[in-house]
Amino acid sequence: MYQAPRGTQDVLPTDIAYHTFVESKARRFASLYGYQELRTPTFEETGLFQRGAGESTDVVEKEMYSFRDKGDNDITLRAEGTAPVVRAYLQHGMHTLPQPVRLFSLISVFRYDRPQAGRLREHHQLDCEAIGEDDPLLDGELIALLWRFYEALGLRDLSLQINSIGDANCRPAYLELLRTYYRGHQAELCGDCRRRLEVNPLRLLDFKVPTCQPIAQKAPSLIDHLCDECAEHYQRVLAVVGEEKIPVVPNPRLVRGFDYYTRTVFEVWPQRTGEQSALGGGGRYDGLAEQLGGKHTPGVGFGTGIERLVLNLKEQGVEVPASPGPQVYVVHLGTGTEPAANSFARELRAHGVPTLRGVGTRSMRARLRHADAARVRWVVVFGEDEVKDGKVTLRDMAATEPETLSTEAALERIKRDEQMQTHLGSGTFSMESS
C-alpha cells in the first residue's frame with residue numbers, strides 16, 4: 001500500500017479543527033493589524049532562494065527541493081516565505097503604493113530535513129511581511145501582532161527572544177573579531193563549526209552541537225559592537241515592545257538562519273525549549289530587495305509554523321472549537337419515499353442548514369447510529385405512510401420521543417433552531433474575547 005511520503009502528514013477530519021482554528025485566528029489578526037493577503041506560487045526560480053537566503057545556509061546547501069523542469073529551468077519548491085513576497089513586491093511595482101506595504105500569506109513550505117515533532121518536510125505557516133519602511137515602530141508592530149496571535153490561540157508561558165545583528169556598516173568589523181576569537185578555539189570545534197567559521201561565522205553563535213556551545217557563550221557579543229544607528233534602532237524596538245507589555249529576553253546569540261537578516265531578529269519560544277522548539281520568528285531584511293535585483297527597500301517580517309502551533313496547543317491542553325458538522329440527517333424508508341426526502345434535504349441546504357443525506361439500505365437502527373456518530377441535532381425520516389400524508393417523523397436527538405409533523409412544520413422547526421444557534425454562536429470580535 002502507498003503511504004504519505006516521509007516527513008509529510010495527512011490532516012484527518014478528527015484533527016482538522018486545530019488547523020482551521022489556527023488559520024482563522026491568523027487571518028483575523030493579520031487583518032486586525034492592516035495586513036492584506038498575498039498568494040505566491042508554490043515554486044520559484046532556484047536563484048531566488050540562493051541569492052535571498054544565502055548559498056552557504058543549510059536551507060540552500062542541504063534542504064531545498066530543486067529540479068529541472070521540461071523547459072530546462074531550475075525550479076525550487078517554496079523553501080521559505082520572505083523572498084517570494086519581496087519578488088512579488090518588486091515584480092508588480094508595489095513601491096508605487098503607500099509604504100509600507102503590509103502583506104500576509106498562509107503558505108506551504110518544503111524542506112528536505114530530518115523529520116521531527118513540529119517540523120515536517122512539508123509544513124504550513126503564517127507569513128507576515130511589511131516592506132518599504134525602516135521605522136523601528138514597524139518591527140515592534142510585527143512582534144506585537146505575533147505575540148497577540150499566540151495569546152488569542154491560548155498559548156501560555158512564552159518568551160520573546162530578541163537581538164540585533166547589525167548591518168553592513170558595523171557587522172564586517174564584528175565578523176573579523178568573531179573569526180579571531182574562534183580561530184583561537186579551532187581545535188575544539190566540530191567539523192561543521194570549522195566550516196562555518198570560514199563561510200558564515202555568524203551562524204556559529206547559535207549552533208546546537210553541545211560541545212561547541214560553551215565556546216559560543218564566551219564569544220564577543222554583537223550588541224557591544226553595533227554602530228550608533230543600529231544601537232538606536234534596537235533600543236527603539238525594545239521600547240515599542242515594552243509598551244506592549246511583552247516579556248523580552250535579550251539573546252545575544254540569536255542570529256536566525258538566513259543571510260538576508262539585518263538589525264532586528266526575534267523568536268518566540270515555548271517553555272519547552274531545545275532544538276527546533278521556536279514557535280515562530282523573523283526579523284528585518286533591509287538589503288534583500290537589492291540582492292534580488294531591485295532598489296534599496298527595507299523590510300521586516302516573520303513566519304510561524306502551523307503544525308508546531310498545533311503541537312503546542314495539544315501539549316498545553318488548549319481546547320479548540322469543533323469543526324462545524326451536519327445538523328440534520330435525512331433518511332427515507334420504503335418504496336417511493338426517496339424523491340420527498342431528496343426534496344427536503346435540498347430545501348434545508350438552500351436555507352443554509354448543513355444536512356447529511358442517508359443513503360444505502362441500512363436498517364433504521366444502523367441509520368440512527370450513523371446519525372449519532374455524526375452528532376446531528378435532528379433526524380428526519382420519510383416513511384411510506386408519512387409521505388402519503390405529507391408528513392415526516394422528526395427526532396430531536398437530545399429528546400426521547402420523536403414527533404410526527406407536516407413537512408412544512410418540520411422545516412420551520414429546524415430553520416428556527418439553526419437561526420438561534422447561529423445567533424448564539426456569533427459575537428463581536430475583540431482581542432480579549434479571542
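Select H332 and F382: H332 stands opposite F382 in β14. Here, strands are DSSP runs of E with at least two residues, helices are runs of H or I with at least four, and both are numbered from the N terminus.

This is a predicted model, where local features need pLDDT of at least 70, side-chain atom pairs count only at pLDDT 80 or more, and totals for chains, interfaces and linings use all residues. Residues are numbered from 1 along each chain as its sequence is written, and side-chain values use heavy atoms, with hydrogens and water left out.

**Stop 1**

Select residues 378-382, which make up strand β14. Five of its five residues are buried; buried means under 20% relative accessible area, exposed over 50%, and partly exposed in between, with a 1.4 Å probe and protein chains only. Which way do the side chains point from β14? W378, V380 and F382 go one way, V379 and V381 the other, and all are buried. In a regular strand the side chains alternate between the two faces of the sheet.

Two strands pair if DSSP finds at least two bridges between them. V380 stands opposite L394 in β15.

**Stop 2: the open sheet**

Colour eight strands in the order β1-β5-β6-β11-β10-β9-β7-β8. They form an open sheet with mixed pairing. Its edges are β1 (36-37) and β8 (248-250); each has a single partner strand, so one side of each is left without a neighbour in the sheet.

Zoom to β7, residues 159-164. Six bridges join β7 to β9, and the two run antiparallel. I162 stands opposite F266 in β9.

Now pick R263, also in strand β9. Is R263 buried or exposed? R263 counts as buried because its relative accessibility is 13%. Contact means heavy atoms within 4.5 Å. Leaving aside neighbours within four places in sequence, the contacts of R263 include D167, E229, D286, H233 and R284.

**Stop 3: helix α6**

Select residues 171-183, the 13 residues of helix α6. The expected span is 1.5 Å times one less than the number of residues. That gives 18 Å for α6, and its end C-alpha atoms are 18 Å apart, which agrees.

Show the buried residues of α6: R171, Y174, L175, L178, R179, Y181 and Y182. Look down the axis: the buried residues fall within an arc of 160°, so they line one face of the helix. The arc is that of the directions from the helix axis to the C-beta atoms. The face turned away from the buried side carries the exposed residues A173 and T180. What covers the buried residues? The cover includes α7 (191-199), α8 (213-217) and β9 (262-269).

**Stop 4: rings and charges**

A search of the whole structure finds eight aromatic pairs. Rings of Phe, Tyr and Trp (its six-membered ring) pair if their centres lie within 6.5 Å; planes under 30 degrees apart count as stacked, over 60 as edge-to-face and the rest as tilted. Select F258 and Y260, a tilted pair at 5.3 Å centre to centre, with 35° between the planes. F258 is buried at 13% relative accessible area, and Y260 is buried at 1%.

Finish on R121. Its charged end sits over the ring of Y112, 4.0 Å from the centre. A charge sits over a ring if NZ of Lys or CZ of Arg is within 6 Å of the ring centre and within 35 degrees of the ring normal. The charged end of K314 sits over the ring of Y18, 5.2 Å from its centre.
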